[in-house]
Amino acid sequence: MHRATTFPVLHAGMNTQLRHWREAATLLLAAGCGAPARPVRSLLGPFDYEVLLLQRSRRSGFLPSAHVFPGGLLEAADFSADWLGLLPALPRCGLGSVRPSPPGGNRAPVFATDRADLGSPLPGDVAFRICAIRETFEEAGILLLVSGPGPATDPGPARLLPQHHLPSGPELAEWRRRVQQEPACFLQLCRYLRCVPNIWALHEWGNWLTPVPRAGRGDRRYDTAFYLCCLEERPPHTSQDEQEVTGFQWSTPPEALELFKSQEICFAPPQFYELCRLCNFSSLCDLHRFGSDRALEGCERWMPVTLAASDGYIQLLPGDELYPKDPDYTGEKKLFLSTDKKVEELMKEDSKLHRVVIQNLNNLTVHVNIQPKYKHINPLKIDSNIVGSNADCNSRL
């Protein structure tokens, strides 16, 4: 939930030196759905899982009416030392250690920053996961908790708390309201239930920084940690908060792209990109295995740089031939890229591609032909204008 607050006063763990953006966490939440109950409209075939999408309020100051993954701003309560009384007394609270960056690599600062230097007793990897779990409860009413004191021994997709372990519906709704008003109440809820946030079910997936020229109304910018969480159960009971979130749906990645193509829902480019990346995996178990194994490699920060062509826009990503060597992260240089050439001309001229072509709000295409870093996977090339039976679903690029 994006609370209407100014930049915070000094809080341990929070990077208050940031002037141009706020830190946030978001969650790609996938849940098993078994065999499809409706006809499959994509050449990609059936998927055995669905992904949670939340519709933001049309009154929202950032991405109004768009469908997004659950998530929101990092709060001081996510770094509270009191969490150490609930979480296991292990290095990084039992999370696996991320391997050092390979030569030429540069792990995203949002993950690499040593929060101890900012006065936090809680590792950043833990606090950001707590934030994503808390926000998922606030926005969708889903509690990702475990009753044990540490990581599950089962390496497969996570399980939710059994229903008998949860408060009644009205009581849980009251807890949700309290957490929305005061994030510190999430720790109180965990104590009350004698549970801990299931931080071990969340796997580092990516990092997107809002671009400078496309920052949205009010120039709001966010440095967002993306996590992946796979649940073995069918999609859990979900409910919007009727504040920032006015609707929700569980869809397979191809179904979500089909709805986007037909203009029934809208995405920002990061959501479109990540859904195209999820299209590589039709099996929940395969997605979970890839996500959990790959997460220990870390990831890099991606700040799209917008290039205005004569007939559309291109969002350039790191590794693209046209991506600036020294990106204007802060926007202070006021550098805006433009050309009189058409998008098609630029596509023919350039050989190293990592970009999102934007013809209009519901016509996006991801083009990638470079090797992904940190053992990640490139998205499938799916033109949102032809996602259905004629989609270009060629192999991983």
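1. The chain contains 8 helices and 14 strands; helices (H or I, at least four residues) and strands (E, at least two) are DSSP runs, numbered from the N terminus. The model is a predicted one, in which local features need pLDDT of at least 70 and side-chain atom pairs count only at pLDDT 80 or more, while totals for chains, interfaces and linings use all residues. Residues are numbered from 1 along each chain as its sequence is written, and side-chain values use heavy atoms, with hydrogens and water left out.

2. Of the 397 residues in the chain, 55% are buried. Buried denotes under 20% relative accessible area, exposed over 50%, and partly exposed in between (1.4 Å probe, protein chains only). Among contacts between residues at least 6 apart in sequence, 73% join residues at least 24 apart; contact means heavy atoms within 4.5 Å.

3. The largest nonpolar core comprises 55 residues, and Leu-29, Leu-87, Phe-186, Ile-199 and Tyr-227 have the most contacts inside it. Helix H2 (residues 124-140) gives the most to this core, with 9 residues. Another core, of 39 residues, lies apart from it and includes Ala-256, Leu-287, Val-366 and Val-368. A nonpolar core is here a set of buried Ala, Val, Leu, Ile, Met, Phe, Trp, Tyr and Cys residues joined through side-chain atoms within 4.5 Å. In soluble globular proteins, nonpolar side chains tend to be buried together.

4. Leaving aside neighbours within four places in sequence, Ile-199 is in contact with Leu-87, Cys-93, Leu-95, Val-126, Arg-129, Ile-130 and Ile-133. Cys-93 is situated in the loop between E4 and H1 and is buried, with a relative accessible area of 3%. Its phi is near 55°, a positive value in a residue other than glycine. Arg-92, found in the loop between E4 and H1, also is not a glycine and has a positive phi of about 55°. Arg-92 is partly exposed, at a relative accessible area of 24%.

5. Arg-107 is placed in the loop between strand E4 (71-73) and helix H1 (109-112). This arginine counts as buried because its relative accessibility is 14%. The side chains of Arg-107 and Glu-204 are joined by a polar contact of 2.5 Å. A polar contact is a pair of N or O atoms within 3.5 Å; within protein, one must be able to donate a hydrogen and the other to accept it, and residues adjacent in sequence count only if both atoms are side-chain atoms. Beyond four places in sequence, the contacts of Arg-107 include Asp-125, Cys-299 and Tyr-374.

6. Thr-238 occupies the loop between strand E8 (222-231) and strand E9 (245-251). At 7% relative accessibility, Thr-238 is classed as buried. A polar atom of its side chain lies 2.8 Å from the backbone oxygen of Pro-236, and the side chain of Thr-238 makes a polar contact with that of Trp-250 (3.0 Å). Leaving aside neighbours within four places in sequence, Thr-238 is in contact with Leu-52, Ala-140, Ile-142, Phe-248 and Trp-250.

7. The axes of helix H3 (residues 169-181) and helix H4 (residues 185-193) come within 8 Å and cross at roughly 150°. Axes are lines fitted to C-alpha atoms, for helices over the stretch in contact, and angles run from 0 to 180 degrees between N-to-C directions. H3 and H4 are therefore roughly antiparallel to each other, a term for angles over 145 degrees.

How values were computed
Parallel < 35°, antiparallel > 145°, perpendicular 65-115°, else oblique.
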